[in-house]
Amino acid sequence: INVRKINLAKKIIWFFVPFVKKREYFAPVMQMVFDYYKSKNLPVNIKITGEFIPLVKPLLGDEYQILPGFGDTEYIYKASDIVNLPGKKYSTKRNQVEGFEDRYFYTFESFDPSMRQEVLDFAKEWGETHEDETAEKELDTLVRCLDNLDALDMFCDVLKVEGELVG
């Protein structure tokens with residue numbers, strides 16, 4: 001779901017909702033974001049999932065509307081569902097994982113700085129197969145994340161098959 005200010009300027013800049021440690025922190029943080037954008041006379045364009053709409057909607061007022069965002073919904077999963085792949089809904093994914101495990105000698109490794117260039121080369125190669133503008137933005141985001149993993153309290157893992165980075 002995207003939150004968009006009505007009558008947007010032609011250039012649209014999106015931001016993703018902030019991660020907060022506790023659900024009750026979400027609305028106050030979003031209010032600060034909205035206040036900042038309003039003080040700078042900037043439109044607010046947010047990528048947001050359905051569960052957060054009830055928390056954001058009261059903050060919006062009449063000058064905002066909520067529009068469905070179809071491009072990102074395929075990437076939104078519950079972490080526990082990805083770990084466990086429960087039920088009929090995930091049977092295809094379970095079969096794909098099992099097939100992969102049976103066919104390949106693979107390792108799943110924690111990223112270390114010596115892998116940086118290999119990861120960036122892989123990402124660039126992936127980006128060359130995608131003609132849309134998001135590939136370049138994703139590469140820029142990846143670089144910033146890799147360069148700031150500790151500061152962002154993030155981690156990165158890599159998947160290798162036969163010693164070659166594949167994901």
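1. Contact here means heavy atoms within 4.5 Å. On that basis, Leu165 touches Glu118, Val119, Phe122, Val158, Leu159 and Lys160, residues up to four places away in sequence not being counted.

2. On provenance: this is a predicted model, in which local features need pLDDT of at least 70 and side-chain atom pairs count only at pLDDT 80 or more, while totals for chains, interfaces and linings use all residues. Residues are numbered from 1 along each chain as its sequence is written, and side-chain values use heavy atoms, with hydrogens and water left out.

3. Leu165 also belongs to the largest nonpolar core, which has 9 residues: Phe111, Met115, Val119, Leu120, Leu146, Leu149, Cys156, Val158 and Leu165. A second, separate core holds 8 residues, including Val33, Phe34, Tyr37 and Val56. A nonpolar core is a set of buried Ala, Val, Leu, Ile, Met, Phe, Trp, Tyr and Cys residues joined through side-chain atoms within 4.5 Å. Buried denotes under 20% relative accessible area, exposed over 50%, and partly exposed in between (1.4 Å probe, protein chains only).

4. The structure contains 3 salt bridges, a salt bridge being a side-chain nitrogen of Lys or Arg within 4 Å of a carboxyl oxygen of Asp or Glu. One of them joins Glu109 to Lys160, with the closest N and O atoms 3.8 Å apart. Because Glu109 lies in strand β5 (residues 106-110) and Lys160 in strand β6 (residues 157-161), this pair ties together parts that are 51 residues apart in sequence. Helices (H or I, at least four residues) and strands (E, at least two) are DSSP runs, numbered from the N terminus.

5. Lys160 also forms a salt bridge with Glu118, where the closest N and O atoms are 3.7 Å apart. This pair links distant parts of the chain, Lys160 being in strand β6 and Glu118 in helix α5, 42 residues apart. Within it, Lys160 is buried at a relative accessible area of 12%, whereas Glu109 is partly exposed at 24% and Glu118 is partly exposed at 32%.

6. Arg116 forms a salt bridge with Asp147, the closest N and O atoms lying 2.8 Å apart. Arg116 is in helix α5 (residues 116-128) and Asp147 in helix α6 (residues 134-147), so the pair ties together parts that are 31 residues apart in sequence. Both partners are partly exposed: Arg116 has a relative accessibility of 27%, and Asp147 one of 44%.
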